[in-house]
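Welcome! Take a moment to look over the sequence and the model, and then let us walk through some of the contacts together.

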Amino acid sequence: MNTIFKLGACAFALVAVACSKPQSGANAEIESNIDALLSQMTLDEKIGQLNQVSSYGSVEAMADEVRAGRIGSILNEIEPANVNRLQRIAMEESRLGIPLLIARDVIHGFKTIFPIPLGQAATFDPEIVREGARVAAAEASAAGVRWTFSPMLDVARDARWGRVAEGNGEDPYLTSVMGVAMVRGYQGDTLGNPASIAACAKHFVGYGAAESGKDYNSTNIPPAQLRNVYLPPFEAAAAAGAQTFMSSFNDNDGVPATGNRALLTDILRGEWGFDGFVVTDWNSAGEMLSHGFCADSAEVATKALNAGVDMDMMSFAFVKELPRLVKEGMVSEVQIDNAVRNILRVKYRLGLFDNPYVDESLRDSVFYAPSHLAAAKQAATESAVLLKNDNHVLPFGSNVKRIAVVGPMADAPHDQMGTWVFDGDKDKSITPLTALRERKGISINYAPGLAYSRDNNKAGIAQAVAAARQSDVVVAFVGEEAILSGEAHSLADISLKGAQRQLIADLSATGKPLVMVVMAGRPLTIADEVAKADAVLYMFHPGTMGGPAIADLLLGDANPSGKLPMTFPRMVGQVPIYYAHNNTGRPCYGSEALINDIPLEAGQTSLGNTSYHLDAGFDPLFPFGYGQSYTTFAYGEPHLSSDHIAKDGKLTVDFDLTNTGDYEGAEVAQLYVRDLHGSLARPVKELKRFQRVNLKPGETQHVTFELPAEDLAFWNPEEKRHVEPGQFQLWVAGDSQSGQPIAFTIE
Ligand code: GLC
């Protein structure tokens with residue numbers, strides 16, 4: 001290591017001291033406890049706190065390292081008795097009695113599995129999302145887990161990326177609102193409550209912009225996009241008190257997040273005042289070797305620590321290299337003290353020093369508690385998005401007696417739970433087939449047609465067709481097995497796999513009313529299948545209670561209210577596709593010629609010369625924020641408190657919303673804003689508010705959105721984040737493509 005690097009290490013030490021101060025309002029008693037403990041710790045014990053390992057599978061295998069203080073956190077140990085044995089070793093047999101922090105990926109439920117986060121986002125209901133996180137915390141903490149690696153806040157606009165399943169979709173505002181709801185649900189009102197668990201805002205940052213939607217791929221996010229699209233949900237989570245952040249795998253413009261000091265220290269701590277701790281993703285520190293950002297593990301440890309990483313998940317670079325690096329003056333012990341402080345602060349806040357043990361009797365009464373299952377069913381019901389309902393095929397009326405239930409997802413208890421399910425039991429997962437069979441007054445003709453979503457064996461399709469012919473209506477459950485989305489599960493082709501498309505085509509050919517229910521981890525390109533079906537209900541893997549929720553929706557005991565958290569492309573070639581795009585210099589006006597309309601020998605400049613694909617057009621299949629209901633809603637003319645506001649002013653938007661149909665239902669009213677001219681080209685629309693409104697038939701409610709001008713601020717490289725005066729438009733509507741613009745000015 002050269003001298004410049006040594007000088008660098010000292011410089012980092014000085015900055016580290018500046019960053020070691022906790023957020024304002026920190027607990028003085030905790031800080032003094034930390035100081036007292038730190039003063040007793042050896043260098044090895046300090047470095048041990050920075051080390052997170054995945055359970056070796058037995059207490060015995062980890063006991064010596066825990067006893068020696070070489071492990072600060074263990075992930076993937078979820079047997080309460082083992083957790084207590086490990087904590088007893090840490091508390092009673094180690095020199096200083098520092099408790100372990102036990103972690104697990106509890107992404108959308110621990111035992112009771114809620115819809116995948118993308119489905120929870122489709123509810124546009126932060127309260128049900130908060131409740132889901134609270135249920136997850138209650139169940140996980142009953143197993144001894146006190147830290148989850150959730151919420152995942154990666155804005156994602158590319159459905160090829162398998163991890164869109166874990167996020168809240170394409171919009172920064174929706175992602176921020178849902179992320180804050182999860183943080184509050186996990187951490188509760190009191191972090192020290194044994195049923196609270198520390199949240200983890202991940203993956204910091206920009207992971208969802210992986211080039212070509214290929215997981216772990218590089219991202220190339222420029223500064224303004226980083227500030228205006230990818231960072232806001234993380235800033236919101238920090239402001240909501242998320243106790244931990246996780247550095248992401250990706251390099252952005254050549255700098256891996258795990259080695260990015262501007263991100264992990266300057267922005268996270270310097271600008272946002274975060275005083276929890278930063279954990280790497282699984283071996284993301286070690287992966288800086290593969291990135292070509294580090295030459296050896298000593299540089300890995302140095303760059304990660306200097307960037308602002310506090311805890312190393314599974315690269316072991318910290319425990320391997322830091323003792324020597326400190327001795328040789330390559331890194332300072334002050335930097336290590338700073339990281340230890342951040343970790344101890346969270347352990348104190350969780351109350352682990354007072355009580356690190358789990359009540360082993362809790363699990364039986366907490367796992368799958370009736371109230372948990374009820375909340376999961378409510379979330380699944382609200383997550384369903386009705387994309388089509390020709391001739392009011394849905395909900396089924398009393399005239400529907402015989403229902404053909406077909407398709408590989410009709411009775412797939414494991415797959416309906418979706419990705420990132422470690423602890424949910426498939427035998428607790430109630431499928432649509434099971435739920436429909438339990439209903440009175442209807443008979444079910446079941447023929448899967450295909451054994452699983454990738455099944456190319458068409459031999460069973462004839463049976464499914466026969467079942468359809470013997471029935472009044474057909475419900476085809478198609479989509480994706482759980483393994484086809486989530487981490488490391490990106491797809492280049494996002495159409496229905498296996499022979500599912502053939503199944504839908506053959507069912508459609510019977511002429512029977514065809515309802516297609518899709519269960520998937522992402523938007524799929526289903527334009528042809530939508531055209532063939534009479535009704536389409538889309539569920540992003542609905543979880544344990546998906547079956548009962550779907551049965552209620554099909555039979556009219558519930559009314560769909562979900563809205564799309566991601567734009568649905570017509571063809572994968574349109575991806576990335578999202579509503580909050582810039583206008584470009586050649587916006588499409590919708591009258592462009594499509595490929596089959598182009599005359600032979602058309603002249604070079606004869607086409608629209610605007611921004612669209614000849615073979616797909618400009619519009620998506622379904623826009624962000626879209627979702628139908630069994631009823632209809634009418635929006636009254638929005639009234640603005642003024643058509644001009646000061647830069648520090650506030651706009652109030654009032655309107656009536658009426659249920660003009662025959663069913664009670666919930667509408668998600670959405671407020672979009674456009675900044676017509678700015679120091680940067682600004683998106684054609686941005687979601688700024690939304691509200692679920694439950695209405696009985698004929699009922700009208702008056703809805704009010706408050707919009708401070710500050711919420712229209714954006715960050716531009718020259719002047720940082722600011723509100724720019726100018727002309728704006730706003731829309732109040734039920735999706736991102738509807739409504740009429742209303743002008744207003746910021747002076
Ligand atoms: C994984 C994921 C991350 C997860 C962590 C621990 O690779 O990227 O989201 O929390 O490792 O399992």
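Which residues are linked with Glu-127 in a network of salt bridges? The network joins Glu-127, Arg-130, Glu-131 and Arg-134. A salt bridge here is a side-chain nitrogen of Lys or Arg within 4 Å of a carboxyl oxygen of Asp or Glu.

## About the model

This is a predicted model, in which local features need pLDDT of at least 70 and side-chain atom pairs count only at pLDDT 80 or more, while totals for chains, interfaces and linings use all residues. Residues are numbered from 1 along each chain as its sequence is written, and side-chain values use heavy atoms, leaving out hydrogens and water.

## Salt bridges

With the salt-bridge rule above, the count comes to 42 salt bridges. One of them joins Asp-64 and Arg-67, whose closest N and O atoms are 2.9 Å apart. Both residues belong to helix α4 (residues 59-67), and because they are three residues apart there, about one helical turn separates them. Helices (H or I, at least four residues) and strands (E, at least two) are DSSP runs, numbered from the N terminus. Asp-64 is exposed, at 53% relative accessibility, and Arg-67 is partly exposed, at 31%. For these words, buried means under 20% relative accessible area, exposed over 50%, and partly exposed in between, with a 1.4 Å probe and protein chains only.

Another salt bridge brings Asp-472 together with Arg-402, at 2.8 Å from N to O. Asp-472 lies in the loop between α19 (461-469) and β14 (473-479), and Arg-402 in strand β12 (residues 402-406), so this pair ties together parts that are 70 residues apart in sequence. Asp-472 is partly exposed at 21% relative accessibility, and Arg-402 is partly exposed at 36%. Glu-166 and Arg-163 also form a salt bridge, with their closest N and O atoms 2.5 Å apart. Both Glu-166 and Arg-163 are buried.

Asp-154 is found in the loop between β4 and α8.

The side chain of Asp-154 does make a polar contact with the side chain of His-203, at 2.7 Å. A polar contact is a pair of N or O atoms within 3.5 Å; within protein, one must be able to donate a hydrogen and the other to accept it, and residues adjacent in sequence count only if both atoms are side-chain atoms. Beyond its neighbours within four places in sequence, Asp-154 is in contact (heavy atoms within 4.5 Å) with residues including Trp-161, His-203, Tyr-207 and Phe-234.

## Aromatic pairs

A pair of aromatic rings is described by the distance of the centres and the angle of the planes. Rings of Phe, Tyr and Trp (its six-membered ring) pair if their centres lie within 6.5 Å; planes under 30 degrees apart count as stacked, over 60 as edge-to-face and the rest as tilted. By this rule there are 27 aromatic pairs. Trp-161 and Tyr-207 form one of them: their ring centres are 5.0 Å apart and their planes are at 80 degrees, so the pair is edge-to-face. Trp-161 lies in the loop between β4 (147-148) and α8 (172-187), and Tyr-207 in the loop between β5 (200-204) and α9 (223-230), so the pair ties together parts 46 residues apart in sequence. Trp-161 is buried, at 0% relative accessibility, and Tyr-207 is buried too, with a relative accessible area of 0%.

Phe-568 and Phe-622 are edge-to-face because their ring centres are 6.4 Å apart and their planes are at 75 degrees. Both lie in the loop between α22 (546-555) and β17 (633-635), 54 residues apart. Phe-568 is buried at 0% relative accessibility, and Phe-622 is buried at 7%. Elsewhere, Phe-124, Tyr-173, Tyr-579, Phe-624, Tyr-672 and Phe-690 form one aromatic cluster.

## A glycine to look up

Gly-625 lies in the loop between α22 and β17 and is buried, with a relative accessible area of 0%. Among the residues that Gly-625 touches, not counting those up to four places away in sequence, are Phe-124 and Tyr-672.
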